[in-house]
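Here's a quick tour for anyone about to set up a calculation on this model. Have the coordinates open as you read.

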Amino acid sequence: MSEEQVRSLEKQFDERIERDEKIEPKDWMPEKYRKTHIRQMSQHAHSEIVGMLPEGNWITRAPSLRRKVALLAKVQDEAGHGLYLYSATETLGISREEMYEQLHTGKAKYSSIFNYPTVTWADMGTVGWLVDGAAIINQVPLCSTSFGPYARAMVRVCKEESFHQRQGYEIMLKLCKGTPEQKDMAQDALNRWWWPSLMMLGPTDAESVHTEQSMKWKLKRKSNDELRQQFIDQTVPQADILGLSIPDKDLKWNEERQSYDFGEINWDEFWQVVKGHGPMNKERIKARVNAWEGGEWVRDAAMAYASKNQERKEKQAV
Ligand SMILES: [Fe+2]
Ligand SMILES: [Fe+2]
């Protein structure tokens, strides 16, 4: 293809996005668009399945049958999100094995938040309330992103995320209306999860390298700092209802901006965790690798069964 032809295809492509048309897997797309989507969508898929680990940790210890059922359903939802997203990413020409390999070798990233430990039951409340809450803020704009399979997957994902957020908040409500010990447990969990949740919305705009291009492709509608402000403004009143205090001495309502001012985020900690030095990075990857290796016999059995079936069908056809 000549350079001129490529330029004309690119122009048509940009115009389609401008008109809010969806780009489908078999459509022509610039290589950079394909690569960026593979990176972002597979990271998203990895985050969903690694995100199952901190909560899976509490399924056997949920304090009642009702809580166990809700937590189990939530963790299963996250597996489903991972599967939609891996399938959607495969339509761009990368295999599932390759994506797993990138995760297992540390080449691919996933959300930094899942590298923190879940030490008490209140962490289940806080994770649902804050982490799924921040995920909704990140993901709702993706329902109208330009790549069709991603946008469609996100519609269902977001509906489920709002159930996750509410089940977490309900746990917090219950703890905060409980004994002083239960309320302390809730406050302690908020103290540990607040700052990592703010970091989850990504580096500040000044350090976010992909923002401009992603805005053009509608992979992003608001900058990281705008999303973070939205999250804070939405979450502080929820903490007030719980009677909990946000662990930030600089947090203050700004009448003029009609928004909360907040304290400095420890970006060193964020980059340390992203680079693999968070409290749980090694354990998370180890758990994923063990699951993959331990599941090998299941994959082999499924393949053997499929090929036997195929042979049988071929014999019958003869
Ligand atoms: Fe999810
Ligand atoms: Fe979720």
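This is a predicted model: local features need pLDDT of at least 70, side-chain atom pairs count only at pLDDT 80 or more; totals for chains, interfaces and linings use all residues.

Residues are numbered from 1 along each chain as its sequence is written, chains are lettered from A and ligands numbered from 1 in the order in which they are written, and side-chain values use heavy atoms, with hydrogens and water left out.

## The two iron ions

Let's start with the metals. Donors here are N, O and S atoms within 2.8 Å of the metal (3.2 Å for Na, K and Ca), and since water is not among the atoms, sites may look incomplete. The iron ion (ligand 1) is held by E48 (OE), E78 (OE), H81 (ND1) and E161 (OE), at 2.0 to 2.2 Å. Along the chain, the spacing of these donors reads E-x29-E-x2-H-x79-E. Within this site, E48 in helix α2 (residues 31–50) and E78 in helix α4 (residues 65–90) link distant parts of the chain, 30 residues apart. Helices are DSSP runs of H or I with at least four residues, strands are runs of E with at least two, and both are numbered from the N terminus.

How far apart are the iron ion (ligand 1) and the iron ion (ligand 2), and which residue bridges them? The distance is 3.4 Å, and E78 is the bridge.

Now for the geometry. Four donors count as tetrahedral if all angles lie between 85 and 135 degrees; four count as square planar and six as octahedral if opposite donors are over 155 degrees apart and all others between 65 and 115; anything else is irregular. Around the iron ion (ligand 1), the four donor atoms subtend angles of 85 to 150 degrees, which makes the arrangement irregular. As a reference, ideal angles at a metal are 109.5 degrees for four tetrahedral donors, and 90 or 180 degrees for six octahedral ones.

As for exposure, buried means under 20% relative accessible area, exposed over 50%, and partly exposed in between (1.4 Å probe, protein chains only). E48 counts as buried because its relative accessibility is 6%, and E78 is buried at 6% too. D132 and E161 are both buried as well.

## The second largest pocket

On a 1 Å grid over the protein atoms alone, a pocket is an open set of points with protein on both sides within 12 Å along at least five of seven lines, and lining residues have an atom within 4 Å of a point. The second largest pocket has a volume of about 200 Å³, a volume being the space filled by probe spheres set on the points, which are joined across faces, edges and corners. Its lining has 14 residues, and K109, Y110, V274, G276 and N281 are the closest to its centre.

Helices α11 (267–277) and α12 (281–294) each supply at least two lining residues, and α11 gives the most, with four. By class, the lining has six nonpolar, six polar and two charged residues. Here Ala, Val, Leu, Ile, Met, Phe, Trp, Tyr, Cys and Pro count as nonpolar, Asp, Glu, Lys and Arg as charged, and the others, Gly among them, as polar.

## Salt bridges

A salt bridge is a side-chain nitrogen of Lys or Arg within 4 Å of a carboxyl oxygen of Asp or Glu. By this rule there are 21 salt bridges, including these:

| Pair | N to O distance |
|---|---|
| E15 and K11 | 3.2 Å |
| R152 and E24 | 2.9 Å |
| E31 and K35 | 4.0 Å |

E15 and K11 share helix α1 (residues 3–18), four residues apart, about one turn of the helix. E15 is partly exposed at 33% relative accessibility, while K11 is exposed at 52%. R152 in helix α7 and E24 in the loop between α1 and α2 link distant parts of the chain, 128 residues apart. R152 is partly exposed at 48%, and E24 is partly exposed at 25%.

E31 and K35 both lie in helix α2, four residues apart, about one turn of the helix. E31 is partly exposed at 45%, and K35 is exposed at 55%. Elsewhere, R16, R19, E21 and D27 are joined into one network by salt bridges that share partners.

Methods. On a 1 Å grid over the protein atoms alone, a cavity is a set of points where a 1.4 Å probe fits but cannot get out, and a pocket is an open set with protein on both sides within 12 Å along at least five of seven lines; lining residues have an atom within 4 Å of a point.
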